[in-house]
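Here are my notes on the model, as numbered points. Please read them with the structure open.

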Amino acid sequence: MKKLMIAALMMLGTSAAFAGDSEPLKAILKAKTYPEAEQLLKTNLGQLANSEEKAKAYNHLTKLALEKFDKENAIQAANMAAVVAKQPETPYDTLGFYEAAYNATMNGLECMKYDAEPNSKGAVKPKYTEHLKMLIANTRMQLITAGNHYAGLGDQDGVLKYWGTFLDSDDNPIFAASKAQEAQFIGQVAYYSAQFANQAKQYERAEKYADIAMKDEAMREKAQTFKYAMAQRNLKTHEDSVKYVNTIKELYQREPDNEMAFGTLCNMYNELNMNAELKALIDDKLAKDPNNHTAWALKGQSLMNQNTTADNPNWDECIEAFKKAIEIDGTNPVILTYLGYSINSKAAQVNGDRAAQKALYKEAMGYLERAKEIDPNRERANWAYPLYQCYYLVYAASDPRTLEMEKLLKSK
């Protein structure tokens with residue numbers, strides 16, 4: 001590469017077009033192709049005399065990238081006309097078009113950054129910014145199409161390169177005029193970019209993109225749930241967990257109607273065995289909102305968990321809480337399964353009264369069969385074993401329903 005640079009320098013004359021430019025800048029401006037100019041700039045950036053030269057160099061790279069972008073864009077426009085006229089379409093370099101959009105955007109932003117710095121006399125006199133603004137706003141919008149292409153392939157590097165660049169430049173005032181146009185899709189782009197960043201273990205980017213998605217009212221709930229679920233999965237120590245609990249508490253205090261914050265805080269109290277805090281939180285919620293499905297469901301789950309380890313469990317309050325939850329919303333197979341399990345557990349404690357025990361198993365059976373109808377493949381709730389218990393104890397081991405359930409259990 002040194003030989004290439006020296007050769008380029010030797011070819012330069014004393015043309016007035018480059019008067020006053022440093023030798024490294026002259027070499028960059030002489031380059032006719034983007035890859036050559038890019039390599040020369042990378043090699044010689046530190047040798048450029050000042051911000052003016054850097055702006056000039058990046059402007060040259062932007063122009064070279066735009067040449068490729070405009071060429072492929074023109075073919076696409078011609079193809080649209082060809083489709084209308086029922087004429088053959090011309091193949092074009094799709095990936096090259098995406099790359100050119102990226103290169104033009106990135107180099108244009110660098111050019112404008114240096115263009116905004118004071119010159120040797122201390123004055124700020126941008127030379128390129130006004131001309132580049134609209135051009136770069138256009139290439140930046142093409143990053144959405146590029147990211148969508150790579151998202152369809154499941155290519156996280158491509159998604160984070162294109163959608164990530166679009167989102168990372170979202171707060172740049174240069175693109176303020178594009179906000180109205182972006183509003184229709186930026187929430188979804190940010191939400192899915194956050195998921196790809198999380199898969200790539202780039203957690204800071206994932207959180208940043210989730211925050212952008214949360215600004216879109218249509219995506220806010222999903223993005224917020226994802227953000228805090230991601231944070232919860234990445235907890236490493238008890239101190240991390242306590243810090244996270246305090247973060248969720250602050251969110252819940254700001255937004256007392258935020259069901260995600262309430263549910264997450266309940267789950268964290270449960271995981272940290274903070275039973276007194278959990279009970280107080282749920283009781284307070286139910287006092288303010290007696291028909292809150294989430295609160296009743298979490299109360300039942302909390303009592304169920306405590307009963308499974310208690311020496312003398314009391315299942316009545318747990319069963320009552322789950323019944324309250326399904327009265328409000330009876331479509332959740334997990335809650336229906338938990339209710340059936342809890343009734344079975346109560347039935348198992350009954351001694352000497354076979355009729356009463358059988359009645360409880362029949363009651364549980366109804367809820368478990370409803371869970372089976374809603375979630376037949378057990379994708380959300382594992383209702384099979386408690387339902388097998390019901391069939392076995394209400395009917396018989398040889399009953400077809402019992403045998404069918406036994407076969408199902410053995411299949412997994």
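1. Basis. This is a predicted model, in which local features need pLDDT of at least 70, side-chain atom pairs count only at pLDDT 80 or more, and totals for chains, interfaces and linings use all residues. Residues are numbered from 1 along each chain as its sequence is written, and side-chain values use heavy atoms, with hydrogens and water left out.

2. Positive phi at asparagine 273. Most residues other than glycine have a negative phi. Asparagine 273 has a positive one, near 55 degrees. It sits in the loop between helix H13 (259–271) and helix H14 (275–288). Helices here are DSSP runs (H or I, at least four residues), numbered from the N terminus. Asparagine 273 is exposed, at 61% relative accessibility. The classes are buried (under 20% relative accessible area), exposed (over 50%) and partly exposed (in between), with a 1.4 Å probe and protein chains only.

3. Positive phi at arginine 378. Phi of arginine 378 is also positive, near 55 degrees. The residue lies in the loop between helix H18 (354–374) and helix H19 (384–394). Is arginine 378 buried or exposed? Arginine 378 counts as buried, at 14% relative accessibility.

4. H14 against H15. The axes of H14 and helix H15 (residues 293–309) come within 10 Å and cross at roughly 150 degrees. That makes the two helices roughly antiparallel. Axes are lines fitted to C-alpha atoms, for helices over the stretch in contact, and angles run from 0 to 180 degrees between N-to-C directions. Roughly antiparallel means over 145 degrees; under 35 is roughly parallel, 65 to 115 roughly perpendicular, and the rest oblique. The crossing of H14 and H15 is left-handed (the near helix is turned anticlockwise from the far one by less than a right angle). On the H14 side, the contact is made by Asn275, Leu278, Ile282, Asp283, Lys285 and Leu286. H15 contributes Ala295, Trp296, Leu298, Lys299, Ser302 and Gln306. Contact means heavy atoms within 4.5 Å. By class, this contact has 6 nonpolar, 3 polar and 3 charged residues. Ala, Val, Leu, Ile, Met, Phe, Trp, Tyr, Cys and Pro count as nonpolar, Asp, Glu, Lys and Arg as charged, and the others, Gly among them, as polar.

5. H6 against H7. Helix H6 (residues 129–153) packs on helix H7 (residues 156–168) at an angle of about 155 degrees, with the axes 8 Å apart. H6 and H7 are therefore roughly antiparallel. Their crossing is left-handed. From H6 come Arg140, Met141, Leu143, Ile144, Ala146, Gly147, Asn148, Tyr150 and Ala151. They meet Gly158, Val159, Tyr162, Trp163, Thr165 and Phe166 of H7. The contact of H6 with H7 divides into 10 nonpolar, 4 polar and 1 charged.

6. Threonine 129 belongs to H6 and is buried, with a relative accessible area of 13%. Not counting residues up to four places away in sequence, threonine 129 touches Met112 and Asp115. Serine 169 is in the loop between H7 and helix H8 (179–182). Serine 169 is buried too, with a relative accessible area of 5%. What does serine 169 touch, not counting residues up to four places away in sequence? Its partners are Leu109, Arg140 and Phe175.

7. Aromatic pairs. A search of the whole structure finds 16 aromatic pairs. Rings of Phe, Tyr and Trp (its six-membered ring) pair if their centres lie within 6.5 Å; planes under 30 degrees apart count as stacked, over 60 as edge-to-face and the rest as tilted. Tyrosine 228 and tyrosine 244 form a tilted pair, 6.5 Å centre to centre, with 45 degrees between the planes. Tyrosine 228 lies in helix H11 (residues 220–233) and tyrosine 244 in helix H12 (residues 238–254), so the pair ties together parts 16 residues apart in sequence. Tyrosine 228 is buried at 10%, and tyrosine 244 is buried at 6%.

8. A further tilted pair. Phenylalanine 322 and tyrosine 338 are 5.9 Å apart centre to centre, with 40 degrees between the planes. The pair links helix H16 (residues 316–328), which holds phenylalanine 322, to helix H17 (residues 333–349), which holds tyrosine 338. Phenylalanine 322 is buried at 0% relative accessibility, whereas tyrosine 338 is partly exposed at 25%.

9. Ring cluster. Ring pairs link Phe69, Phe97, Tyr98, Tyr102, Tyr150 and Tyr162 into a cluster.
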